[in-house]
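This briefing covers confidence, sheets, helix packing and selected residues. Please read it alongside the sequence and the coordinates.

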Amino acid sequence: MPYSTGCRTVLSNFEAGLNYKDVPDPEIMVAFPIIGDPHDAAFMAWTTTPWTLPSNLCLCVNANLDYVKVHNKYTGKVFVVAESRLSAIPIEKPKSKVANAPAGDTKVSNPKSKSGKTENLMDSYELLEKVKGSELVQKKYQPLFNYFIEFSDTAFRVVADNYVTDDSGTGIVHCAPAFGEDDYRVCIEHQIISKGENLIVAVDDDGCFTEKITDFSGTYVKDADKYIIEAVKAKGRLVKSGSFTHSYPFCWRSDTPLIYRAVPSWFVKVEELKAKLLENNSQTYWVPDYVKEKRFHNWLENARDWAISRSRFWGTPLPVWISEDGEEIVVMDSVAKLEKLSGAKVLDLHRHNIDHITIPSSRGLKFGVLRRVDDVFDCWFESGSMPYAYIHYPFENVELFEKNFPGHFVAEGLDQTRGWFYTLMVLSTALFGKPSFRNLICNGLVLAEDGKKMSKKLKNYPSPMEVIDDYGADALRLYLINSPVVRAETLRFKKEGVYGVVKDVFLPWYNAYRFLVQNAKRLEVEGLEPFTPTELATLQNSSNVLDQWINSATQSLVHFVRQEMDAYRLYTVVPYLLKFLDNLTNIYVRFNRKRLKGRNGEIDCRTALSTLYNVLLTSCKVMSPFTPFFTEVLYQNMRKVCPGSEESVHYCSFPPEEGKRDEQIEQSVSRMMTIIDLARNIRERHNKPLKSPLREMIVVHPDADFLNDIAGKLREYVLEELNVRSLVPCNDSLKYASLRAEPEFSVLGKRLGKSMGVVTKEVKSMSQEEILAFEQSGEVTIATHLLKLSDIKVIRDFKRPDGLTEKEIDAAGDGDVLVILDLRLDNSLIEAAVAREVVNRIQKLRKRVALEPTDLVEVYFESLDEKSTLQDILNSQENYIKDAVGSPFLPSTMMPQNSVVLGEESFHGIYDFSFAIYLARPALVFESAAILTLYEGNKQFARGLEIYMLSRDHSNLKLEFQKGNGKMTVDCIENQPSVDVVLGQHVFLAVGDYFSRTKTH
């Protein structure tokens, strides 16, 4: 076991791996003379732990390796080493002749010369024999020390095992069974020592040699290395010595080097359970499955008996009482049994409260009493007992346990395949004959950004609280869920990655939510009934194609998340959510802005808002396990308009799959986006921004359903998004395109094998007519192979009409559909482009002065050119501008003196025009003549009414007129008669209203 001399205790394998350091250690080659060898040869063994040499009991070779016996031509020494390791042995040859040098002196050199070239070993050595390792087995050798001479009958001989390799050393390993796991196993398998008998461990609990090692007694093993090397050299057995730096385990508590040391332990007989363990493992479901099938399966296949005792004070005491002669052992299975056998009352099971309790021997008084063994349980035994220990089974909760065992789900790190997952499986198999869990998610390790282990000492990672404070716990959670770490792979943690989740997931999600809230509030601002969501059944019957699409996409989200969570695949959810949110914000909200803002009427507006509300509510419920805080914030506000809803999103049931998923409509919208993306590519290529309208767009595809979707229910969305005036569908593939066919290599490669070359040649040589026939029939036979539509890719290359240049007409395609844009401009298109640029500047000015979408303002325009046709252009585009900004576009000369200007900006060089834009709060406009008539010509009363109206809050005034159906009674002005003021006759609430009325008349 890994043993800490600083803490005087064994460590678990997990603890042994917590504190590795790069340190220098000695490496030596030692000679072990072979008894009875005709050449007086010696085995040459290599070790990096000289302190284990006094406890050597055998040498180990690999039976399948080739070994050679070589004779040094200069020293006469003969060594046996693995043939493949000859290059590692030192070369001895005569020293250079110098004055007064004694004859026959030799020098030792490394196999590598200073020039880096390997010297010819056979210049120094002569090959005597070559044998397999199996032929060396049972050969006896002279022990290095005589401390264990009593083992001579069975020890100090050669054995064979496959753990010996030829990647380092000499191919011969010295074995000290008290200080190596493989050493111990090999010595037992070859009957050098017997399992279960007292093994002589010549190192005490402090890591010092015992009196058994007389020459080094009381010396700490690591300090003894140099003395042992000197003793080996003095015996003439040291062949080579040096040092090398390697990664070595240190105790994580005491920071002292660990040693491997045989320690008397209590074991679980895991080897007897191996077949059942493998069977139980096959009944479990793991994500990812390769951890179960390979890593964990291999670990179980090679499982050895489990040492469960530890020499510590704190821990769960081992419930074993044993007699002084070791013949009588009692295992306590309950407190009641201990109290009955001992006669003592037991209130606490910690060591200091039970170690004094003794049990009379059942054999009689002369055999004394049984005392508890000193050991405590390995903490992993307690961890593995969790499924039943935490509810005190079998003493309590029997029914609860038996109904829920095996557990439905556990999750831990990859390192737990040899820790918790293993102990759970071993103990449940031993106790119940079945696994302790049904499903398991195995996560990888989170490393620092530099790929190193996260270290407080190195400070190579950001503080978790700093990340949470900056970006939120949900962003951190989603970043980890969407990383390789949930697929049992390593993750290099980057704080920027968490920000990426905020930017790509939460901001689009929140913007869609904010758009809903703003436009729901707008209904009340405009004096309409407050927003209440329409019932889902009604929404599912909406005639709007994008309503139908987003409802279907939402059901697909519910279906997908349910499906993936049933399979415990966390890592697939975030990519799907990203795609869903992108569709929600960049398709549904973007394409439905007019509907959501009420431009198509109140009923259609409420339908669109209700659809968006339902989508956001459902997505919150679906994602609440992944983003619990963000979804709760959104839910708490959305539930205000839905009486009777649960108090928290986390009280809600996971959404069922309601309504139908319409794959056809989802495919139609996907096709629409393909066409839009292709058209955008053409615009970018020719530097034609979306604000510049184009005359015509042609979509070429042979599929009538495809074209019907685009030219029918989706037509208006395509035209508006691309700012094109006309869309022409075309199913004549040869009118604007030439066809060519290519095989789908990824599909056909494995299927066709060697025939792939012949099929590829024939597919590429298909004529236009053959390709059209193939698309019509859906299949074709080529070189005896029947190929379907999914096997051949038909590519449409643009064929430009005669007389037109690339700047006048251009196209883009994805190999399936071809999109053609007419890029020629005329005056009407230029005028529309100017209007869009003006609207764009208005919207940017609104944003700059921090206006909300629901804030009402009036927009004034002033031309800065001496002679300009800009006003005429804008007049021709009046309807578009009013529709886009939500109010008439007013000349600056109409701005009242009492107007409150919120923002103004001048623009130059916009299509060679210069102009200024002013944003002002809505201002009252009075019809003075009509008001004067109200008061029978009394100018003082008329002025008093105007002053009173101007003093009122604009929104309250608007509300009062709405309540009075466009009329309000003013009877509160002192010393003035009561009058009925009519909206649109005596007063206008905005200059735009007055301007529209005047223009109409």
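pLDDT is the predictor's confidence in each residue, on a scale from 0 to 100. The protein averages a pLDDT of 86, and 96% of the residues score at least 70. This is a predicted model, in which local features need pLDDT of at least 70 and side-chain atom pairs count only at pLDDT 80 or more, while totals for chains, interfaces and linings use all residues. Residues are numbered from 1 along each chain as its sequence is written, and side-chain values use heavy atoms, with hydrogens and water left out.

**Four-stranded sheet**

- Helices (H or I, at least four residues) and strands (E, at least two) are DSSP runs numbered from the N terminus, and two strands pair if DSSP finds at least two bridges between them.
- An open sheet with mixed pairing has four strands in the order E29-E28-E35-E34.
- Its edge strands, each pairing on one side only, are E29 (724-730) and E34 (809-813).
- Neighbouring strands of this sheet are turned by 20° against each other on average, direction ignored.
- Five antiparallel bridges join strand E28 (residues 694-700) to strand E35 (residues 818-822), and Met697 stands opposite Leu821 in E35.
- Axes are lines fitted to C-alpha atoms, for helices over the stretch in contact, and angles run from 0 to 180 degrees between N-to-C directions.
- Helix H22 (residues 704-711) lies across E28 and E29, at about 165° to E29.
- Helix H23 (residues 715-722) lies across E28 and E29 as well, at about 130° to E29.

**Three-stranded sheet**

- Strands E11, E5 and E12 form an open sheet in the order E11-E5-E12, with mixed pairing.
- The edges are E11 (157-160) and E12 (173-175), each of which pairs on one side only.
- From one strand to the next, the twist averages 35°.
- Strand E5 (residues 58-61) pairs with E11 in the parallel sense over four bridges; the bridge partner of Cys60 in E11 is Val159.
- Helix H2 (residues 181-189) lies across E5, E11 and E12, running at about 75° to E12.

**Helix pair H13 and H20**

- Helix H13 (residues 473-481) packs against helix H20 (residues 628-638) at an angle of about 130°, with the axes 7 Å apart.
- H13 and H20 are therefore oblique to each other; angles under 35 degrees count as roughly parallel, over 145 as roughly antiparallel, 65 to 115 as roughly perpendicular and the rest as oblique.
- Ala473, Asp474 and Arg477 of H13 meet Pro628, Phe629 and Phe630 of H20.

- Ser914 is in strand E39 (residues 913-920).
- Ser914 counts as buried because its relative accessibility is 12%; buried means under 20% relative accessible area, exposed over 50% and partly exposed in between (1.4 Å probe, protein chains only).
- Not counting residues up to four places away in sequence, Ser914 touches Ser863, Leu864, Asp865, Leu870, Phe907, His908 and Gly909.
- Strand E41 (residues 967-970) pairs with E42 in the antiparallel sense over four bridges, and Met968 has Val981 as its bridge partner in E42.

Notes: Contact = heavy atoms within 4.5 Å.
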